[in-house]
Structure formats: C-alpha cells, structure tokens
Amino acid sequence: MARYVNVAVPLPVHKLFTYQVPEESPGNLIGVRALVPFGKRELTGVIVEELAAPPPSSVKPILELLDEEPLLPESLLRLTRWVAEYYFCSWGEALKAALPPGMAPQQGAVAELVRSPSEAELEALRRRAPKRAAILELLREHRGRLTVRFLVRQLRSENLAPQLHALEQQGYIRLVSEAASAVRPRTIRAVELAPLLRSTPELLQTVLQELQEQSPKQARLLSTLAEYVRQHNAPMPLKELLRQSQASSTTLRHLLQRDYLRETLLEAPLRREEESEPILAERNELELPLTAEQQHAVQRIVEALRSGQFKTFLLRGVTGSGKTLVYMHAIDWALRHGKSVLMLVPEISLTPQLLDRFRRAFSQQLAVLHSRMSSGERYSTWRAIRCGQARVVLGVRSAVFAPLAHLGLIIVDEEHEPSYKQQDPAPRYHARDCAVMRAAMEGAVAVLGSATPSLESLFNAQTGKYHLLELTHRADGAQLPTIHILDRRQRDGHQRRGNFSEPLLEAITERLQRCEGIILFHNRRGFARWLECPDCGHIPMCPNCSISLVFHKVPKQLRCHYCGHAAPVPEECPVCGAPQLREIGSGTQRIEEELERLLRPSFPQLRIERMDTDSTARKGAHRRLLHRFASGQTHILVGTQMVAKGLDLPHVTLVGVLNADLELFLPDFRASERAFQLLTQVAGRAGRRSSAPGEVYIQTAHPEHPAILAVQTGNAELFYHDELQHRKEALYPPFVRFVVVELSGVDEERVHQHAHFFAGCVPAHPAVLKIGPALPTPARVRNRYRRVVILKGLKQQDPSAAALRQVLRLAYARYERKYATSKVRLTVDVDAYGLF
C-alpha cells in the first residue's frame, strides 16, 4: 500500500508539501531527510508527518530517503514547529537551523570507496536509492576514487550532496578535501567480520580451527575480533585490534585477502581540546565549598530536578557571587541521576575560560558548540552529541537545538545578552525563550542566570512565572568594587590627556607599579569613528550603506562595520582637495596607541593588548590572549563588550570605562537598560578576590543619567522600577510583544511604496497597535533600502498572542496575494531587539 508524507523544505514558504514514499521504506519516517523534486529543482527536506489517507490529487514521489533512521528526535521536531509558528517562519527554515551547517561537500572534494557493497546491497539500493547505487557503481568502475565534480557531470545532477552524505553515513565512502573542504565526520580505520562468518557461528568455528593449525597468529587476530564483535556488536578499531592480538599488519592483510575480514571506517570519538592549548582554569571548582546563598540555590534547583517537572528559575547574583559554581553543582546532580545538560553562553568570548572550568569538573562528558568552530568540527560534535558521547553541551545560541537525549537541565548564562537573539537569516528566534520552551516540552528545569537580568525576565519573576533565586554577596567575602564617576565635561577641574582623565591615568599607573591587572572598556573598535574634511566637512561614506566608514589604522583602511566594505584611506579630501582629513571619535586602536604614548616612557616593559573582533579573528586567539593576560604577560587589556562579561581574573583590580555615553543615547528603547547592564558587568571584573579590592572609573558627560546613578550606587531596583514604568507608559516590552516587519530592496521608491502597501494590509484590532511605515537606522544596508512597519501586541488584552498572530497572518496573506514581488523582500522579526 502506498504511503504519503508531508515534507518541510528550507524555503520561506509557510506550508508543507506532500510526496509519495518509495517502496521498501523503513517503518518510522518522521525526522528522516528526503530528497524531493521541487519545480525544476531538487531540495533536501525533512519528513514531518505521515498521512493516514491518500491525498485527493496525485503527488510526486520522493526521489530518495537520505537517512536509515530519523535524524531528528521527536522532541526537536516539536520545538522547531513551535519556533516556526511563534517566530513566523517556515518549519523547513526552523529545521535547517536545528541541523549542523555545511553538511554538503563542495564539488572540489573527492569521494573514496571505503567498502564495496555486495550484490544484494547494491540491488536494494537500486530499488530505493538509485542515485546512491549509481555513485557506488561509478566508484567501483574507476578504482574507488572520483571527484564530486566528475560524479555530478556523469550523473547529470546539479547536486549530489545528500546522496554522498548518506553513503558516508552508511560507511560506503569517505569524502576527502582537495581544493575545497568537505564537511564530514572524523573517521578511524576499523575491521569487521565478513558477513558470512558473522551470520554463521559454525563456519566461524571451523575457520578458527583451521587457522589454529595453519597460522596461529591469524587465528589469534580473528578470535580477538570475533570476541569484540560479540561484545560490542560493532567493527573493531584497527589499531586496537592489532594491539590486543599482538599481530602485524601483514597478518591482517592475509585475512583480508582470504575474505574473512572487511576493512571499514568508524566515526572517531569526539575530539577534545588540544593538550598544547593553555588552560584557563586553576582547579576543579566542584571541590570548593558553597556559601549559604549558593547552597540554598542548589537545593531549590535539585528539588525541581528530583520532581521531574518543568520549572524555570531566575538566578540573580551580583558579579563574582559564584553563579557558575551553582550551575556546576546542579549539573553534577543531573549527571549522577542519568540526565543530560545543555548550557548556553552568549558568545564565543565566554567559551574558553568557561570551557576549561567545565572540563576540570566534567572531563570527557563535555562537548562545545560555537560559531568559531569549522563546519567539520561542528558536524562531528553534533553527531557525537546525538550518539550520546557527550552528556553536557556548552554552546552559543544555536546550541539550543543540540540533539541531547534525556534532557534534564537547561542553563542560560548571562540571559540578558542581546546576542541570544538571531537576526538573520530566519528563524529570528531568541535562544533564551526557546530554551525555556524546550524545557517545558521535555519536562526539564530551566535556569536563567545574570547579574543584570533583562526587564522581561525580572517581570516574569515578579509575576510568579519564574522562581527568583538571589546571590547578594560575592563568593569568597570579596567586596563589590568602589565606583568613581568622572565628568568628561571637565567640571570637576581634572585635566584630560586624550581619552584619559588624570584620576584614571593615576589609577592605571598605581596598578602597573603593583603589577595588578587592568581592563579598559571602550565599546567601539577601529581607530576613529569616521574621517572628516576640516575645510568642506566631507565624510567618507560606505557606498553600500547609509553609514560613515570607520577608520582603522591596523591595517590602514576605511571599513564599514555593516557590510564589510573596505577602501584605502584618501591622501586628500576627494571633494575639495584639502591635504588632510581629521580623525573624529575614538576606537580601541586609538585607545591602545594613546596608552603606549602616555605610559611607555615610565614602563618600558609594558604590554598592552586589544580584545575585539579584529584582534581575535583567528582560531584560538581568545584563549591565547586571555592566557597571556591571566598569567601577567599582558598588563592592560583594552576591549569592547567582549571584556565586559564572563571573565573571572583574580589579579584584575582596576576597570576603566572610557566613554559610558556611547550606549546611553542609541535610537533603541532598550538603550538605558543595555547601558546599565554593560557598565555593571564590566565593573564586576574588578576586585573578585577579597585579597585584592577593586576600583572602577567611569568617564561620562551625563553623570546624572539614571543608568549611571544606578551603577554608581548599586541600586538596581530603583533603575528597574523606573524603567518598567517608562516602558509601561510608552507601550514597550515586557508589556507588549514587539514585532518589526521590514521591507527592503534596491529601489528606494518601490520599497517605500510596498511598505505602505503592507501597512494597508494590516487589519484593525483593539489588541494590536500599528506604527509606520518608518525609516530605520541605517536606512540602507548592503545596497538595500529599508522601511519598517511595527506591530505592538498588547499582552493585557491578548495574553496568548493569538490576536497578534491572526493579524500578522492576515496581513501577510493579503500582501502576498496582492502586492508581493521578488524585487522587495519582506521579513518578520517577532520580539525584535531594535530597528538596526
């Protein structure tokens, strides 16, 4: 009887597509990838539903099933479906985000035949996967090695990536990188019994008896392999076989020639951190005693874990209060009771030190997932997690989709961080909220931790949705740092030397004399924010974006931080010919240069380093830089927001904020909250040990700003209450759902027109407010003009967001039916973090 399934394809199409299943397909197909015809193309989708009855009209057949068993578990299918519905994207786009990137090899790769199929295997493949069978036949005809480009040409197919990936999973081939890199799991050579020997124990015994008389070494090797296969039901790694049997490769070769054995490949165990890398953790922190507050927090989390019921905790602890130690004890309990754990961190800058601290505690059970890993590393790690080799996953935003089984605990560290929000491409999800939803779906416990929680999370704690746990004191008796506010308007009479006031320079000099660590925070990279002609006022602008180019001194060029455009620095003004352009504003490169000029005469051995995305672009650069700073080789660390969180360095006693105003007046309703969080977090890097008290100097031209006052006085509650009141009056989150619909294209007039078309398609509803069309900042990015329409869903009138979703669906459907064109792109960002 024919079977029919619905397939989600990775396109922005809000529907599923029905296909007929090939004959002789396995029983459970939900979660299996399928190669399907889609117009004139072939796409790889995921089977998400099986139909109980045939569809009313004829449908196309699936070309090939690409997995022998479901690639995605049912729990991740449910999560991705919720992501698609809530964040208004297709299910296929959400599923694509849940799979590791770059699973397809480039055409420059080479396919090598590892294990030749038997005639029975080949015949089965011809029936259910003809392209895979054709690939294997070509490889056999050409001595087992062909380029992917040749295979594509011979089989007249635009893309063989799904078939090659499936054959590699089955152990028939391996992909070897030549000019282009193929994403593949790391493999090791292994040996297995010939199928006839494995299926006929009597024959195996006869062969062993014959070999015992003719060649005892061959008999010992075959016996060792047979016992391993009996115990593990898997091929035996070749090196291990030779070691245990004390046999040589010549002995093995003779058995292979007699067809008693077959050589194959096994996926290598998950690769751990290289031994040569510097370690950033001093000890196993599970051995440290807990404070009373930490013990209370661990007990509450363990009680929830023991109950097996979903619950969300908000762990609010001052900087240095030992939130990580609470996480570790909760993870340790979960592991000892058979549960797996997922821990999210906001960005890669936090990973090296946290990874080492966790490795000290959890050894070989830990896997890490982040964007700085190569595609091959991420793919191998994903497969290792899926196979159960790792039970603790430490990762950034996308790790929320890690295929962990028996998930018991999800931790979101620094839950307030905006980097948890995906911007492009779809799905534009928030990893923190997805983590809470995943915990709810799997009956797990969610812990959201931060010294400066988001207003949304604090509001949820106040209304009883989250259980609030607080750590109000630093862990080892250390005091919070003393905070000094320095008025950049020079009303205090202090002189300035470049970006530095005299009190800050004096504090830096004092710490250098005492050999203590110094962190200087300036949240702008480059050398100067822009160049300006002193005569005509010309400012070099990005040709692709409506934004000025940033001047970088190393390397010397003008660069756009939106599209990446780079241009040489003009020798003279291109408009009026003035001989020199003026450098306006400061970035981390200028701060570093000023420090060299001011301090090098007094400290000849001084070493200053920058920590920003420019200086840490190379793999491993974060770890090496932090190691040099932690070991005292580097004396001053100048950085952007990468230095503001997650660093636990005992020798740091001074933090300087060179311009706190950079964050205060951005065109974003979260600007004040973000400034308060950043300043509190960076201040918390100082004085984290009782033996070395810390000081913080904050330079600002607005010392009376509520965010600055809250940081200085430590009165976070006052700031939060005021900010919540402002948000309530202005109708911003957490009192509304904030949706930004962006329309973009290369023709500004057409984009403007279509923005008005979409706004006109939005139906009136008392629970939904419409604003716009409006001009975002910047108005043009990567040569695409932008307009936005904002929808605010009033939570008090529409707590489930049903009305907001209905309005959005109706508006989208009307626009698609009447006005949609390929020349204007429409994107929807639910719970948007701004208009940038």
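Helix H18, residues 502-513, has twelve residues and spans 17 Å from its first C-alpha to its last, close to the 16 Å expected at 1.5 Å a residue. That expected span is 1.5 Å times one less than the number of residues, and helices (H or I, at least four residues) and strands (E, at least two) are DSSP runs numbered from the N terminus. This is a predicted model, in which local features need pLDDT of at least 70 and side-chain atom pairs count only at pLDDT 80 or more, while totals for chains, interfaces and linings use all residues. Residues are numbered from 1 along each chain as its sequence is written, and side-chain values use heavy atoms, with hydrogens and water left out.

**Helix H18 and what follows**

- Pro503, Leu504, Leu505, Ala507, Ile508, Arg511 and Leu512 of H18 are buried; buried means under 20% relative accessible area, exposed over 50%, and partly exposed in between (1.4 Å probe, protein chains only).

**Two helix pairs to look at**

- Two packed helices are described by the angle between their axes and the distance between the axes.
- Axes here are lines fitted to C-alpha atoms, for helices over the stretch in contact, and angles run from 0 to 180 degrees between N-to-C directions.
- Helix H1 (residues 74-86) packs against helix H2 (residues 91-98) at about 130°, with the axes 8 Å apart.
- That angle makes H1 oblique to H2; angles under 35 degrees count as roughly parallel, over 145 as roughly antiparallel, 65 to 115 as roughly perpendicular and the rest as oblique.
- H1 and H2 cross in a right-handed way; a crossing is right-handed if the near helix is turned clockwise from the far one by less than a right angle, and left-handed if anticlockwise.
- On the H1 side the contact uses Leu77, Thr80, Arg81, Val83 and Ala84, and on the H2 side Trp91, Ala94, Leu95 and Ala98; contact means heavy atoms within 4.5 Å.
- By class, the H1 and H2 contact has seven nonpolar, one polar and one charged residues; Ala, Val, Leu, Ile, Met, Phe, Trp, Tyr, Cys and Pro count as nonpolar, Asp, Glu, Lys and Arg as charged, and the others, Gly among them, as polar.
- The axes of helix H9 (residues 216-232) and helix H10 (residues 238-245) come within 9 Å and cross at roughly 125°, which makes H9 oblique to H10.
- The H9 and H10 crossing is right-handed.
- Arg220, Leu221, Thr224 and Leu225 of H9 meet Leu241, Leu242, Gln244 and Ser245 of H10, a contact with four nonpolar, three polar and one charged residues.

**Leu409 in strand S16**

- Leu409 sits in strand S16 (residues 407-413) and is buried, with a relative accessible area of 0%.
- Beyond its neighbours within four places in sequence, Leu409 contacts residues including Ile301, Leu305, Ala330, Val341 and Val445.
- Ala446 is 37 residues from Leu409 in sequence, yet their C-alpha atoms are 6.0 Å apart in space.

**Backbone spots worth a look**

- Most residues other than glycine have a negative phi, and most peptide bonds are trans.
- Asn233, in the loop between H9 and strand S10 (236-237), has a positive phi near 55° and is exposed at 58% relative accessible area.
- Gln246 lies in the loop between H10 and helix H11 (249-257); its phi is positive, about 55°, and Gln246 is exposed at 65%.
- A cis peptide bond joins Asp424 and Pro425, with omega about -5°, and another cis bond joins Ala426 and Pro427, with omega about 0°.
- Pro425 belongs to the loop between S16 and helix H16 (431-442), and Pro427 is in the loop between S16 and H16.
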